[in-house]
Amino acid sequence: MLSHPQSLAVQSGRGTYRALVQRKKLVLFILSVVLVASVVADLGLGPARYSMSEVVLALAGSPQVSNQISVVIWDIRLPIALMAVVVGASLSAAGAQMQTILNNPLASPFTLGVSAAASFGAALALAFGVGLLPFAIEYVVSINAVIMAMAAALFIHVMSQRRGVTVETVVLLGITLVFTFNALLALVQYLASEQALGAIVFWTMGSLTRATWPKLAITSTVLIVALPLFIRRAWSLTALRLGEDKALSFGINVRRLRLETMMTVSILAAVSVAFVGTIGFVGLVGPHIARMLIGEDQRYFLPASTLAGAALLSLTSVISKSIIPGTIFPIGIITALVGVPFLFSLIMSNRGRAW
């Protein structure tokens, strides 16, 4: 039997925990509201601007809006707006899990070379028609990107398992991969024809304008398959943040957990990069926003990271249309301009601190 003071302490602890859970749920709700509002704003912006009421009525199939507005919203803008949501969610979820398994706040598909590897694989198809899987002709660009990204992720994983390799070393390995694949990409651009060069340059800037319903369906399917895999390992991933020794003491197969997570992350990042081009820093910024708001508990951290990344890229899409009315800037440029100051502040805040 608990004494009266102990009982009060237990009740107080339960009350504090319930309040903390309610706060986390409130944060998730607010992120969801921001995401929905951003998508509606994204649908209203473009060469022709529509009000929020027109967008909502068009989405609802109301006869009060013209057929022209409905066609623009449903056939042109909605795939692009939803692709921003899905790609942002995919990159942010990938970055969150890379930071978790590597215990490194600078880890993301972009900073560790996974995106650069995917870009190189896609460029081989765009410039020379080279397919790493000869029978996959229709989606050769996407398949190349996935294979090269998985190869880079596997290399990072294998090297991170070597004795004496620290998290700082892993980051340096990632930077090495970035420079290596960027150099190979530059070589492909040098050897490519003028027409292929234009396609590669535009592709590497990152753009949502190439989004279509089939591409959105593929990207969404990959995300829908990956998220339950992460959720099922939520407890193990949370325990891993306490340290590898602690996770091992709980009976977690850390090596297998890291390998499976890294491969899933590489597929998430590669499919996104294959369809919209190189988009940096979403996988870095999104998880840090979620971590500041939610904490490390994967039950809430993963949904928050997904929502934060989706909202971030959706808002970036809105910004890309708002800078010069009638002009849509490549979204990769905008994310880089936002992400670089964030990365600088993150590095400065961690100076002298062990990652």
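I took helices (H or I, at least four residues) and strands (E, at least two) as DSSP runs, numbered from the N terminus. With that settled, I read the protein chain along its sequence and got α-α-α-α-α-α-α-α-α-α-α-α-α-α. That comes to 14 helices and 0 strands.

**Ground rules.** This is a predicted model, where local features need pLDDT of at least 70, side-chain atom pairs count only at pLDDT 80 or more, and totals for chains, interfaces and linings use all residues. Residues are numbered from 1 along each chain as its sequence is written, and side-chain values use heavy atoms, with hydrogens and water left out.

Next I checked contacts (heavy atoms within 4.5 Å). Of those in the protein chain with a separation of 6 or more, 74% are between residues 24 or more positions apart.

**Surface.** Accessible areas come from the Shrake-Rupley method with a 1.4 Å probe, and for residues only the protein chains shown count as cover. The protein chain has about 16,900 Å² of accessible surface, and 69% of that belongs to carbon and sulfur atoms. I call a residue buried under 20% relative accessible area, exposed over 50%, and partly exposed in between (1.4 Å probe, protein chains only). Buried residues are 51% of the 355 in the protein chain.

**Two residues I clicked on.** Arg291 lies in helix α12. Is Arg291 buried or exposed? It counts as buried, because its relative accessibility is 17%. Leaving out residues up to four places away in sequence, Arg291 touches Gln99, Arg241, Glu296 and Phe301.

Ile224 is in helix α8 (residues 213-232). I noted Ile224 as exposed because its relative accessible area is 60%. Its C-alpha atom is separated by 9.5 Å from that of Ser90, 134 residues apart along the chain.

**Holes.** I worked on a 1 Å grid over the protein atoms alone: a cavity is a set of points where a 1.4 Å probe fits but cannot get out, a pocket is an open set with protein on both sides within 12 Å along at least five of seven lines, and lining residues have an atom within 4 Å of a point. Grid points are joined across faces, edges and corners, and a volume is the space filled by probe spheres set on the points.

I found about 380 Å³ of space in the largest pocket. Its lining has 19 residues, and the closest to the centre are Ser160, Gln161, Val165, Glu244 and Arg258. Two or more lining residues each come from α3 (67-102), α6 (167-191), α10 (244-249) and α11 (254-276). Of these, α11 gives the most, with 3 residues. For residue classes, Ala, Val, Leu, Ile, Met, Phe, Trp, Tyr, Cys and Pro count as nonpolar, Asp, Glu, Lys and Arg as charged, and the others, Gly among them, as polar.

How many cavities of 30 Å³ or more does the structure hold? I found 1. The largest cavity has about 40 Å³ of space. Its lining includes Phe281, Leu312 and Thr335. The lining divides into 5 nonpolar, 4 polar and no charged residues, and α14 gives the largest share, 3 residues.
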